[in-house]
Amino acid sequence: MDRFYIIPNLLKDGDFAITNKIKNYIESRGRRCYTAEKDSDGHIIPGTVPDDAQCGLVLGGDGTLIRSVRDLGERNLPLLGINLGTLGYLAEVDLDNYKEALELLFDGTPDIEERMMLCGSYEGGLDIAMNDIVLAREGKIRIINFNIYVDGSLLNSYHADGVIISTPTGSTGYNLSAGGPIVEPTAQMIVVTPICSHALNTSSIVLSADDTIEVEIGEGRYGRQEKVSLCFDGAEQITLVTGDRVVIKRSERAARLIKLESESFMKTLRRKMKGN
């Protein structure tokens, strides 16, 4: 590889000191390097990604990498995360080791790991998620009825604070915090996990990646209308009400992550489980 695209983190590298250090190193080795143009909210400005870029270097943590996947849209550039924060699962290169990582990219063609994503459609919109699609109660503290349909058939009704529909990549995020299972990130499946379910025997459900899932917002007690927030990868919230549905399926797009260590996820998982 010889044409790189750096995606900075405006909060962790506001003066571009790290960005420029990496850019200067790339250019000192005779390669070309571009820096992403971002708006005031930290999103990549659409249409500004160079056509000849071969690799995106994402500076930050897992959140920055997920946002970059969403921002790049159909450009679908392979990405390598350079971690500027705490230990994550996606940004596998520590800042101290960026030169060694770049030399590997200079000298050969790296492995590219594809991660499945989700597509969610609702009345008035459609969006994608690399980690998860979350529906959670709005306003007063009370349980919501979520009716879950799989390929048109009712699977279950959760009485809960919310529901998480997760990819394997997202299984180590909110899904895990809510008691859901950890799934190997390259697997092809969808995990449905209730948030604070008001039942003793309710657990996560693992479905095929080819299934179509519909989540319907049920009616509240005494026929009242309920309000729920719909969120894709922790981004902007959309308000839904009783009777609304979200249709979720595997996206035609996949996130493409550059992998320099074949055992990076297992090593990171082991360190996380030990509390390091």
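This note goes through a predicted model point by point, from its core to its charged pairs.

1. Basis of the note. The model is predicted, and local features are taken only where pLDDT is at least 70, side-chain atom pairs only at pLDDT 80 or more, while totals for chains, interfaces and linings use all residues. Residues are numbered from 1 along each chain as its sequence is written, and side-chain values use heavy atoms, with hydrogens and water left out.

2. The nonpolar core. A nonpolar core is here a set of buried Ala, Val, Leu, Ile, Met, Phe, Trp, Tyr and Cys residues joined through side-chain atoms within 4.5 Å, where buried means under 20% relative accessible area, exposed over 50%, and partly exposed in between, with a 1.4 Å probe and protein chains only. The largest such core has 27 residues, and those with the most contacts inside it are Leu135, Phe146, Ile165 and Ile213. The most is given to this core by strand E9 (residues 144-150), with four residues; helices (H or I, at least four residues) and strands (E, at least two) are DSSP runs, numbered from the N terminus. As general background, nonpolar side chains in soluble globular proteins tend to be buried together.

3. With contact meaning heavy atoms within 4.5 Å, and with neighbours within four places in sequence left aside, phenylalanine 146 is in contact with residues including Leu135, Tyr158, Val163, Val215, Ile217 and Val228.

4. The annotated position and helix H2. UniProt, in an unreviewed entry, lists Asp62 for "active site"; UniProt positions are given in the numbering used here, feature names are shortened, and annotations may be inferred rather than shown by experiment. Aspartate 62 is found in helix H2 (residues 62-72), and, apart from neighbours within four places in sequence, aspartate 62 is in contact with Gly88, Tyr89, Leu90 and Ala91. Helix H2 is mostly covered, since eight of its eleven residues are buried, and Asp62 is one of these buried residues, as are Leu65, Ile66 and Arg70. Just after H2, glycine 73 takes a positive phi of about 55°.

5. Asparagine 175, in helix H4 (residues 174-177), is buried, with a relative accessible area of 0%. Its side chain reaches the backbone oxygen of serine 171 at 2.9 Å, a polar contact being a pair of N or O atoms within 3.5 Å, where within protein one must be able to donate a hydrogen and the other to accept it, and residues adjacent in sequence count only if both atoms are side-chain atoms. Not counting residues up to four places away in sequence, asparagine 175 touches Ile164, Ser166, Gly170, Gly180, Pro181, Val191, Thr193 and Ser204. Serine 251, which lies in strand E17 (residues 245-259), counts as buried at 12% relative accessibility. The side chain of serine 251 reaches the backbone nitrogen of arginine 253 at 3.0 Å, and, with residues up to four places away not counted, serine 251 touches Met117, Leu118, Cys119 and Ile128.

6. Salt bridges. Taking a salt bridge as a side-chain nitrogen of Lys or Arg within 4 Å of a carboxyl oxygen of Asp or Glu, a search of the whole structure finds twelve. In one of these, arginine 245 pairs with glutamate 214, the closest N and O atoms being 3.0 Å apart. Because arginine 245 lies in strand E17 and glutamate 214 in strand E14 (residues 213-217), the pair ties together parts that are 31 residues apart in sequence. Arginine 245 is partly exposed, with a relative accessible area of 31%.

7. A charged network. Salt bridges that share partners join Asp2, Arg3, Arg32 and Asp52 into one network. Within it, the side chains of aspartate 52 and arginine 32 meet at 3.1 Å, N to O; aspartate 52 lies in the loop between strand E2 (32-35) and strand E3 (55-60) and arginine 32 in strand E2, so this pair ties together parts that are 20 residues apart in sequence. Arginine 3 and aspartate 2 form a salt bridge at 3.0 Å, N to O. Relative accessibility is 25% for arginine 3, which counts as partly exposed, and 46% for arginine 32, also partly exposed.

8. Aspartate 2. Aspartate 2 is placed in the segment before strand E1 (3-7) and is partly exposed, with a relative accessible area of 34%. Leaving aside neighbours within four places in sequence, aspartate 2 is in contact with Arg31, Arg32 and Gln54.
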